[in-house]
Amino acid sequence: MPEPAPGLRTSDDTFVEHTVSPHPHADATRDRPTGSFGVAILGLGTYLPDEVVTNDDLAATLDTSDEWIRARTGIEQRHRAATGEATSDIAVEAARRALDDAGLVASDVKMVLLATSTPDYKIAACAPMVAAKLGIDAPAMDLNAACSGFVYGLQAATGMVTAGTAPILLIGAETMTRIVDPSDRSVSILFGDGGGAVVLGPDENAELGPFDLGSDGADPSGLYIEAGGSAVPVDAEMIDDRRHFLTMRGREIYRFAIANMSASSQRVLDQADLTVDDVDLFVGHQANIRILNGVAAQLGVPADRCHTTVNLHGNTSSASIPLCLGDARDHGRLPDGTRVLLTAFGAGLTWGSTLLTWRNP
Ligand SMILES: CC(C)(COP(=O)(O)OP(=O)(O)OC[C@H]1O[C@@H](n2cnc3c(N)ncnc32)[C@H](O)[C@@H]1OP(=O)(O)O)[C@@H](O)C(=O)NCCC(=O)NCCS
């Protein structure tokens, strides 16, 4: 079996070469980084469906192997939503935990933002369903920037909080296993289901930002579902050809991901007048351990400052960053004052990065 990558948590719940960083920046009196905002994460919650699908489970019906998947992606297992469990259900579970963590109740929430590429229905928006299930009487909308959705959502929420709307519930939730072709080994092995949510509000001692968001939609076909939208309405022939499932040009996306997450992260550090030495923890979009290691190497982030969960969750798209943050906190890697660099890329194509100073809710 291939050796797990440094900093990677294995499925028996131990870390490989993991040491908790000293967090030299946990000083509340220091100046806020240039371009950051006094917006805090007041609460964080995550949810993963019960069913765990291992690589061996997939290899039982697909021409693939545990060894190939681990070596190419670092993924060991992923979670799969139960029959009848929709994205809104996953979002609700994560959101409930985030609200509990923040010590808030549904009636406190002033806005619900749901980052997702896999809403329950094409129409209606999913966030209002989530709000209704939670008993929240507030505006609610979906935000689709694919796997960059959570970072995009952080900037959208920051703008709203600074304009006076708070607290905001920001959720990343996905049922990616519903949009991949289970018989396509090149795509189906990569993705999993899950959700993560944060509650955001104003806090003069907090730091969120600066942000670097970007997009390049010149050719979305490197990572998309061709049929089922307004460009190519779905019909029986499309379904026969399986063009209603997610397809991908893997190598192209791989190169794009490393180049753009690295450059975007560096732009955030430059804007903030900080260097990579000022970063306590690196949490990238959990798509592939080789991509994450490539970005960390380009930026110069040492392995013991990276937190990764891709081996346990697979790629959960917009949920991957809050899920990874939740796991980092569960493992004592987010003491008060921890400065975290977040970066993501996704279909569209999109990318986004930001800095966050963790404050214990
Ligand atoms: C998908 C990915 C892991 C594939 O790795 P790769 O090294 O690029 O592999 P390739 O696609 O070139 O395929 C190499 C071979 O493995 C085969 N292969 C593909 N999937 C396989 C699988 N699950 N099991 C076994 N073999 C597989 C291919 O058919 C190919 O065979 P061939 O050489 O006989 O044609 C990699 O490209 C990647 O991670 N890309 C980014 C994807 C991503 O993150 N997408 C989500 C973005 S949010």
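The radius of gyration is taken here over C-alpha atoms, and the globule rule is 2.2 Å times the number of residues to the power 0.38. By that rule a compact globule of 361 residues would have a radius of gyration near 21 Å, and the 19 Å of this protein agrees. The model is predicted.

**Overall form**
- The C-alpha trace of the protein spans about 60 × 50 × 40 Å along its principal axes.
- Its secondary structure comes to 11 helices and 13 strands.
- Among contacts between residues at least 6 apart in sequence, 79% join residues at least 24 apart.

- Of the 361 residues, 55% count as buried.
- The accessible surface comes to about 14,300 Å², and carbon and sulfur atoms account for 51% of this area.

**Cysteines**
- The count of disulfides is 0, with a disulfide taken as a pair of cysteine sulfur atoms within 2.5 Å.
- C306 is in no disulfide, because the nearest cysteine sulfur, that of C324, is 9.8 Å away and the cut-off is 2.5 Å.
- C324 is likewise in no disulfide, its nearest cysteine sulfur being that of C306.
- C306 is buried, with a relative accessible area of 9%, and C324 is buried at 0%.

**A residue in helix α5**
- L154 lies in helix α5, which covers residues 149-162.
- L154 counts as buried because its relative accessible area is 1%, under the 20% cut-off.
- Leaving aside residues up to four places away in sequence, L154 touches L170, L200, L208, F211, L342 and T354.
- L154 and A173 are 19 residues apart in sequence, and their C-alpha atoms are 14 Å apart in space.

Technical notes
Residues are numbered from 1 along each chain as its sequence is written. This is a predicted model: local features need pLDDT of at least 70, side-chain atom pairs count only at pLDDT 80 or more; totals for chains, interfaces and linings use all residues. Side-chain values use heavy atoms; hydrogens and water are left out. Helices (H or I, at least four residues) and strands (E, at least two) are DSSP runs, numbered from the N terminus. Buried means under 20% relative accessible area, exposed over 50%, partly exposed in between (1.4 Å probe, protein chains only). Contact means heavy atoms within 4.5 Å. Accessible areas come from the Shrake-Rupley method with a 1.4 Å probe; for residues, only the protein chains shown count as cover.
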